[in-house]
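Please look at the sequence and the structure before reading on.

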Amino acid sequence: MRATDNKAIKTVTFFMGDGIGPEISDSVFAVFQAAHVPVRFDIYNVGEAEYNRNGKLIPDEAFASFEKTKVLLKSPITTPVGKGFRSLNVTMRKKYDLYANFRPAKSNPAVVTPFPNTDIVTFRENTEDLYAGIEEQISDDEMHSIKVITRSKSERICRSAFEFARNCGRKKVTCIHKANIMKLSDGLFLHVFEEVAKDYPDIIADNMIVDACAMNLVLDPTKFDVLVTENLYGDILTDLTSGLIGGVGLMPSANVGTDMAMFEAVHGSAPDIAGKNIANPTAFLWSACMMLDHIGLNDYADLIRSAISNVMNAGVHTTRDIGGNASTTEYTDALVSEIKKLIAMAA
Ligand code: ATP
């Protein structure tokens with residue numbers, strides 16, 4: 001079970017955000033230590049508190065570290081609503097062209113929902129659409145946001161979805177759009193999808209209008225396999241798909257570019273529960289496991305995933321967002337014990 005202890009230590013950049021960020025980060029640190037993961041985190045504080053201290057939301061050294069390691073694990077960061085800051089998440093995705101946002105939503109037998117057989121992977125385009133940040137004040141009473149869709153960026157996200165489907169034995173890719181209304185922008189996205197689909201005759205390619213998709217996801221999520229969509233629809237629909245499997249506390253994500261990758265939970269910093277020791281760290285732990293897969297430490301990721309699965313299935317130490325009553329630290333302690341048990345069994 002445990003990989004060789006003499007594996008070279010890999011350095012991964014770690015951004016420590018705010019809200020529940022520090023609590024769920026502590027969980028990752030404890031679990032990694034128990035699993036003897038050969039990773040050293042290069043840790044930086046980021047966000048509003050850092051801005052108030054140093055005048056920068058992300059310190060230059062933090063950017064430099066990510067540019068060197070090429071791999072980032074990022075805990076949630078609060079984005080103040082309205083004027084002021086641009087979302088740090090959006091900043092990172094655009095600055096490093098982390099264009100493919102990969103978000104798997106798979107039912108867990110330990111979490112009872114009306115949708116026990118959900119297994120949907122969404123590919124969300126991460127760098128354009130209304131998130132391109134092109135906004136204009138026409139007058140005090142009129143604001144414009146420009147939606148940007150380009151052929152090249154549509155093509156690479158559609159190709160990522162089809163490549164994933166082919167490599168992972170998935171059967172269908174569905175393009176989600178609103179091309180009936182936004183005939184030019186969404187029309188281009190859909191057209192490019194159909195062009196790319198021709199290169200993957202082994203995969204079923206279909207498409208659905210985003211509002212119909214929202215309805216069909218809650219009527220019967222088993223109809224869906226892989227989704228590919230633009231930035232805003234992807235943001236909204238993946239909160240929906242996380243709801244199908246039990247909530248945002250259970251959904252990891254990867255933001256992948258050409259040679260850099262950032263891993264984070266889908267949820268935000270949850271200020272309403274910050275500091276209460278009740279946050280569910282599972283989404284962040286699974287994101288950390290995806291990071292370990294990415295850097296070739298799959299055996300450690302599998303060990304941690306097995307421990308999570310065992311503890312969740314036992315149902316004694318789960319957090320309250322999924323129906324349990326354990327605190328974040330009690331759940332983490334249970335994971336640490338389970339990892340030690342699994343390592344001892346494999347020895
Ligand atoms: P953002 O705009 O960054 O997505 P948000 O406030 O809209 O932030 P979240 O921070 O994801 O959204 O929180 C949405 C709801 O889910 C909140 O009620 C929050 O308490 C809950 N939540 C989010 N993450 C977790 C978690 N890890 N464990 C338990 N509850 C969570």
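The notes below begin with the ligand and then turn to the protein itself.

**Ligand site**

The structure is a predicted model. The residues around the ligand are Ile20, Val248, Gly249, His267, Gly268, Ser269, Ala270, Asp272, Ile273, Ala279, Asn280 and Asp321. By class, this shell holds 5 nonpolar, 5 polar and 2 charged residues.

| Residue | Part of the residue | Ligand atom | Distance |
|---|---|---|---|
| Gly268 | polar backbone atom | oxygen | 2.7 Å |
| Ala270 | backbone N or O atom | oxygen | 2.9 Å |
| Asp272 | side-chain N or O atom | oxygen | 2.9 Å |

On its own, the ligand has 620 Å² of accessible area, and the protein covers 59% of this.

**Two loop residues**

Ile149 sits in the loop between β7 (142-145) and α5 (151-167). Is Ile149 buried or exposed? Its relative accessible area is 13%, under the 20% cut-off, so Ile149 counts as buried. Leaving aside residues up to four places away in sequence, Ile149 touches Glu128, Asp129, Ser154, Ser185, Leu188, Phe189 and Glu230. Of these contacts, Glu128 is 21 residues from Ile149 in sequence, while the two C-alpha atoms are 6.4 Å apart in space.

Thr113 belongs to the loop between β4 (100-106) and β5. With a relative accessible area of 18%, Thr113 also falls under the 20% limit and is therefore buried. The side chain of Thr113 reaches the backbone nitrogen of Phe115 at a distance of 3.0 Å. Beyond four places in sequence, Thr113 touches Leu244, Ile245 and Gly246.

**Aromatic pairs**

How many aromatic pairs does a search of the whole structure find? The search returns 12. One of the pairs is formed by Phe123 and Phe164, with 5.4 Å between the ring centres and 55° between the planes, a tilted arrangement. This pair links distant parts of the chain: Phe123 lies in strand β5 (residues 119-125) and Phe164 in helix α5, 41 residues apart. Both Phe123 and Phe164 are buried.

A cluster of aromatic residues is also present, made up of Phe14, Phe29, Phe32, Phe41 and Phe284.

Key. Residues are numbered from 1 along each chain as its sequence is written. This is a predicted model: local features need pLDDT of at least 70, side-chain atom pairs count only at pLDDT 80 or more; totals for chains, interfaces and linings use all residues. Side-chain values use heavy atoms; hydrogens and water are left out. A residue is near a molecule or strand if one of its heavy atoms lies within 4 Å of it. A polar contact is a pair of N or O atoms within 3.5 Å; within protein, one must be able to donate a hydrogen and the other to accept it, and residues adjacent in sequence count only if both atoms are side-chain atoms. Accessible areas come from the Shrake-Rupley method with a 1.4 Å probe; for residues, only the protein chains shown count as cover. Ala, Val, Leu, Ile, Met, Phe, Trp, Tyr, Cys and Pro count as nonpolar, Asp, Glu, Lys and Arg as charged, and the others, Gly among them, as polar. Helices (H or I, at least four residues) and strands (E, at least two) are DSSP runs, numbered from the N terminus. Buried means under 20% relative accessible area, exposed over 50%, partly exposed in between (1.4 Å probe, protein chains only). Contact means heavy atoms within 4.5 Å. Rings of Phe, Tyr and Trp (its six-membered ring) pair if their centres lie within 6.5 Å; planes under 30 degrees apart count as stacked, over 60 as edge-to-face and the rest as tilted.
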